Amino acid sequence: MTWLHPLPLGTKTEEQKMFRRVLTSFEADLRLHHLEENALSKHAAELHRRTGGYFKALTYVISTAAVIAIQSGSENITMKEIDTATAQLGT
C-alpha cells in the first residue's frame, strides 16, 4: 500500500487499527484547547465513509474542521465541524 491508496476500514481488526492509529496521531498533533478525548476516533466510520479512506481527503477534512473550530471559538472537533468541512470538500 502507498499513500495514494485509501486507508482501509474493513472488518479485519488490523485494518481498523490502522485507520484509527492515523486518527489518533491527528488527535495528538491538534493543538485545540478544548479537544475532547477521541474527538476524531469516535467518528472513524463516518470520516472513512466521507473521505473514502484517502489520506489527502482525510487531512483536508480534519485540518478544515480544526480551522472552523478555532474560528468559532469551540476549540473542539465535533460532527458539526466535520459536516461543515466535508461540505467544503464536496462530499
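This report describes the fold, nonpolar core and salt bridges of a predicted protein model.

Local features require pLDDT of at least 70 and side-chain atom pairs count only at pLDDT 80 or more, whereas totals for chains, interfaces and linings use all residues. Residues are numbered from 1 along each chain as its sequence is written, and side-chain values use heavy atoms, with hydrogens and water left out.

**Fold and helix α3**

The protein chain contains 4 helices and 0 strands, in the order α-α-α-α along the sequence. Helices (H or I, at least four residues) and strands (E, at least two) are DSSP runs, numbered from the N terminus. Of the 91 residues, 37% are buried; buried denotes under 20% relative accessible area, exposed over 50%, and partly exposed in between (1.4 Å probe, protein chains only). The chain exposes about 5600 Å², of which carbon and sulfur atoms supply 57%, by the Shrake-Rupley method with a 1.4 Å probe.

The 18 residues of α3 should span 26 Å at 1.5 Å a residue, which agrees with the 25 Å between its end C-alpha atoms; the expected span is 1.5 Å times one less than the number of residues. Buried positions of α3 include Leu58, Val61, Ile62 and Ile68. Just after α3, Gly73 adopts a positive phi of about 90°.

**Nonpolar core**

A nonpolar core is a set of buried Ala, Val, Leu, Ile, Met, Phe, Trp, Tyr and Cys residues joined through side-chain atoms within 4.5 Å. The largest one has 20 residues, and Phe19, Leu23, Leu40, Leu47, Leu58, Ile62 and Ile77 touch the most other members. Helices α1 (13-29), α2 (44-51), α3 (55-72) and α4 (79-89) each supply at least two core residues, with α3 giving the most, 7 residues. Leaving aside residues up to four places away in sequence, Ile62 touches Leu23, Phe26, Leu30, Leu40 and Ile77, where contact means heavy atoms within 4.5 Å.

**Salt bridges**

The structure holds 4 salt bridges, each a side-chain nitrogen of Lys or Arg within 4 Å of a carboxyl oxygen of Asp or Glu.

| Pair | Closest N and O atoms |
|---|---|
| Lys42 and Glu36 | 3.1 Å |
| Glu46 and Arg49 | 2.6 Å |
| Arg50 and Asp83 | 2.7 Å |

Arg50 lies in α2 and Asp83 in α4, so this pair ties together parts that are 33 residues apart in sequence. Arg50 is buried at 16% relative accessible area, whereas Asp83 is partly exposed at 35%. Glu46 and Arg49 both lie in α2, 3 residues apart. Glu46, Arg49, Arg50 and Asp83 are linked in a network of salt bridges.
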